[in-house]
There are 2 protein chains.
Amino acid sequence: MTKAICMKRRKNGMKNSISTTPGPAADFSEDEKIDKKSYLPAYAQISRILKQRISKGIYAPGSRLPSEASIANSFGISAMTSRQAIGILAEEGLVDRIQGRGTFVKRLKFTYSSFGLDSLRKVFMDRKKLEVRIINAKVMTASENIEKRLELEPGSSVILVERLIFHDKKPVIYQISYALAEPESPFVETMLDTDVLTGLLLEKDFSSFKKAELRLLPSSLNKKDAALLNLKEGESVFRLEHTYYDFKDVPSAFGWFLITPEKMPLISRMGVWHD
Amino acid sequence: MTKAICMKRRKNGMKNSISTTPGPAADFSEDEKIDKKSYLPAYAQISRILKQRISKGIYAPGSRLPSEASIANSFGISAMTSRQAIGILAEEGLVDRIQGRGTFVKRLKFTYSSFGLDSLRKVFMDRKKLEVRIINAKVMTASENIEKRLELEPGSSVILVERLIFHDKKPVIYQISYALAEPESPFVETMLDTDVLTGLLLEKDFSSFKKAELRLLPSSLNKKDAALLNLKEGESVFRLEHTYYDFKDVPSAFGWFLITPEKMPLISRMGVWHD
DNA sequence: AAGTGGTCTAGACCACCTA
DNA sequence: AGGTGGTCTAGACCACTTT
């Protein structure tokens, strides 16, 4: 019953709620019609229909879509709504909008794709199977590389924390991170306990950062790291470097993850995959 | 002069074009005001201002933004426009909108980031420095792996094409691709000449595909590939696998690129980086 | 001049959440 | 009940491109 309320969601009490008479300038599209009483918004319905047409090749790659005005007209909706529908396709990278010329179906160009870290999120969200083990934590003098990354004076002290992340009792991610050793900072205390990793990933409410930069690299395991991850030396893994900046734009933490590609499949899809 | 025309772009012929009198329900925001005569749309100006406030920590991570209505009110714009402004922030991943609750500044969670292939695009766009050399092309019986990837009957023939892509006279990308050997298909002819690579990347107008899937993997060079790319055996590279599907959802082409990370830096930024 | 996408308004109603 | 985001309208005007 609670669902049933949702079903008659779409507004029906507007000026023109006629359903039998199509009204002027409508109903000359022979195929799909939109259902104003549906729980799916009109713009989503239009968007779906247009996507299907692209999928069927009715609107071929490179060709022009009908204008926003004519789409609005043929479906009996306002221009803003048809625009919103096309906006969905544009966001999904299916079409390009060019002012004054029209909207065009994109050709598949993989250099426009991108890879998200959703799969990694799944690993971290599965908290029952997750275990984070600190295998090393100490204060040390920064190496030259770390000095550069954290913009430190020569000879500065930094905190080093090494972690091993287990999923299903198996080690899957190795992390190492560095931060300036400022005993006063609340940052340091937290680091030894929850840290960038658990803090930022596990909603631990520790994120007074303004911005961060990630860099993804291919890497092969050295002897030590391979042993930790229970893999063979030389095996290929992802290396995910991270630098976090505070609100003064000072880099506060730097480190990297080593992750097996099985635990982090990076997949990107182009074109029409659904409907 | 042509630029000057652009400068007075913003419409001024609307009902209330008063510039001295602020009008009702405006001018109680003490800081920034928007310039209706600016060439920058109002929604972009609002968006920029809100972004700056996030950047300064005025709107802290996790906190709620003013409601769309109150933003519209305080800047003297319509609700739709303020909504559009906030939409920009949402698209950029800076805020989350939750119906009935409000709009909240996101905490930095790197599992929500993604990596784009823009850098690769630059390599391919630089056509003067680009050279594509076919180093092998033949018809052969599909291996078990290729059979599976292209959903072929056992014993099917496929076309194999190996390429080496030079940038600045140096080999930077190695590509191998397979496609079903159908002598009738226009696909095959094109493949030996322009192919998936040049076709899809270099605007060669060859893209009658419905969809495609890419997969990014870490890999290390074997002896042969290292020699081709002028690198050391065992060096870490990106392996970018691609599968293209035609409009009948049949996989038509499969292959992969080997790319040095220097030629394809994968960087992702979170939070406020500009303004 | 006509057509296209882009911006904007001033309203309206809806679904959801918190109180 | 009141506030918040989400959808929608019927217009208007603007900037750009093509004819």
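A residue is called buried when its relative accessible area is under 20%, exposed when it is over 50%, and partly exposed in between, with a 1.4 Å probe and protein chains only. The model is predicted: local features need pLDDT of at least 70, side-chain atom pairs count only at pLDDT 80 or more, and totals for chains, interfaces and linings use all residues. Residues are numbered from 1 along each chain as its sequence is written, chains are lettered from A and ligands numbered from 1 in the order in which they are written, and side-chain values use heavy atoms, with hydrogens and water left out.

A:V158 lies in strand β5 (residues 157-167) of chain A, where helices (H or I, at least four residues) and strands (E, at least two) are DSSP runs numbered from the N terminus. With a relative accessible area of 0%, A:V158 is buried. Contact is taken as heavy atoms within 4.5 Å. When neighbours within four places in sequence are left aside, the contacts of A:V158 include A:V139, A:M140, A:I146, A:L150, A:L152, A:Y178 and A:L180.

Helix α4 (residues 79-91) of chain A comprises 13 residues and reaches 18 Å from its first C-alpha to its last, close to the expected 18 Å; the expected span is 1.5 Å times one less than the number of residues. A:S82, A:A85, A:I86, A:G87 and A:L89 are the buried residues of α4(A), and their cover includes α2 (42-56), α3 (68-75), β1 (95-98) and β2 (102-105) of chain A. Just after α4(A), A:G93 adopts a positive phi of about 80 degrees.

Two packed helices are described by the angle between their axes and the distance between the axes. Axes are lines fitted to C-alpha atoms, for helices over the stretch in contact, and angles run from 0 to 180 degrees between N-to-C directions. Angles under 35 degrees count as roughly parallel, over 145 as roughly antiparallel, 65 to 115 as roughly perpendicular and the rest as oblique. The axes of α2(A) and α4(A) come within 8 Å and cross at roughly 50 degrees, and the two helices are therefore oblique to each other. Residues making this contact include A:I46, A:L50 and A:I54 of α2(A) and A:A85, A:I86 and A:L89 of α4(A). The axes of α3(A) and α4(A) also come within 8 Å, but cross at roughly 110 degrees; these helices are therefore roughly perpendicular. Here A:E68, A:I71 and A:A72 of α3(A) meet A:A79, A:S82, A:R83 and A:I86 of α4(A).

In chain B, the 15 residues of helix α2 (residues 42-56) should span 21 Å at 1.5 Å a residue, which agrees with the 21 Å between the end C-alpha atoms. Among the buried residues of α2(B) are B:I46, B:I49, B:L50 and B:I54. The elements covering them include α3 (68-75) and α4 (79-91) of chain B. B:G57, which follows α2(B), has a positive phi near 90 degrees.

Most residues other than glycine have a negative phi. B:K169, in the loop between β5 (157-167) and β6 (170-180) of chain B, has a positive phi near 70 degrees and is exposed, with a relative accessible area of 78%. B:D249, in the loop between β8 (236-245) and β9 (251-259) of chain B, has a positive phi of about 65 degrees and is partly exposed at 34%.
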